[in-house]
Amino acid sequence: MISKRKSFLLYSFLTVFSLISVFPLLWMLTAATNKSIDVVKGRLLPGMHLAENFRNLTAAQDVGLSMFNSFRYAIVLTAVSLLICSLAGYGFEIFHDKAKDTVMSIILLAMMVPFASTMIPLFQMFSNANLLNTTLGFILPTLSTPFLIMMFRQSARSFPHDIIEAARIDGLNEISIFFRMFIPTMRSTYAAAMTITFMNAWNSYLWPKVIMSDETMMTMPMLIANLKEGHYTDYGALMLGVTLCTVPTVIIFFCLQKSFAEGITGAVK
């Protein structure tokens, strides 16, 4: 009887907090179908104004171009960042020595430096290098992150060194070992890193806002911020824009959630 009571209380607690966690997402979806005045009033039921909100949104901003820009930046940054960070993490662990531990400690200290403190000198450097309003300018500051390097290094510790020695004896060079053996073995770690990197790149706002002055280079977070400017805000169109911006990251996370959990667990171990 006591165990059933505990189970009932536990599941009740989890149910309540699950509903609290899901409520903002549900409210976002319903708000995207209501008029602006209904959103302000806090209407929680779905409305019949989704098409109207979409027309207002596309009339105010170029949604298609912003979606394309966000996908382009996020995909390029994710692909290149995974390659560089995994190579770095692999090298730090497989070719381990005390000097590399010192370098890794310095890299991890960089996580304590807030991005806002480096934004002005970065902008000056990128301006002098003519990298404003470019894809390269978007991806360079976050191309390699201490967190991802540490994550791949931790995962490389579980990679059997005996396999590497056997591959070297068979004549494989280090690049072939990395691409033909390490990457297929660490699929879950790559899935977790891809999810994190893509979501960070997709949701990035501050740095693109600084370097992207051309409207043709606008991303989805910048588009949503523009919808709030001016004397009047159409909250129906705004919430529809937020919904469109949220959908890609939600899809990626749900498709890779199992691999994401395995990759994070393996990195922690």
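Trainee: How far is the sulfur of cysteine 255 from the closest cysteine sulfur, and in which residue does that sulfur lie?

Mentor: This is a predicted model, in which local features need pLDDT of at least 70 and side-chain atom pairs count only at pLDDT 80 or more, while totals for chains, interfaces and linings use all residues. Residues are numbered from 1 along each chain as its sequence is written, and side-chain values use heavy atoms, with hydrogens and water left out. A disulfide is a pair of cysteine sulfur atoms within 2.5 Å. For cysteine 255, the closest cysteine sulfur belongs to cysteine 245 at 17 Å, which is too far for a bond. The whole structure contains zero disulfides.

Trainee: Is cysteine 245 buried or exposed?

Mentor: Buried means under 20% relative accessible area, exposed over 50%, and partly exposed in between (1.4 Å probe, protein chains only). Cysteine 245 is buried because its relative accessibility is 8%, whereas cysteine 255, at 62%, is exposed.

Trainee: How are helix 5 and helix 8 oriented to each other?

Mentor: Two packed helices are described by the angle between their axes and the distance between the axes. Axes are lines fitted to C-alpha atoms, for helices over the stretch in contact, and angles run from 0 to 180 degrees between N-to-C directions. Helices are DSSP runs (H or I, at least four residues), numbered from the N terminus. The axes of helix 5 (residues 98–109) and helix 8 (residues 146–156) come within 9 Å and cross at roughly 140°. The two helices are therefore oblique to each other; angles under 35 degrees count as roughly parallel, over 145 as roughly antiparallel, 65 to 115 as roughly perpendicular and the rest as oblique.
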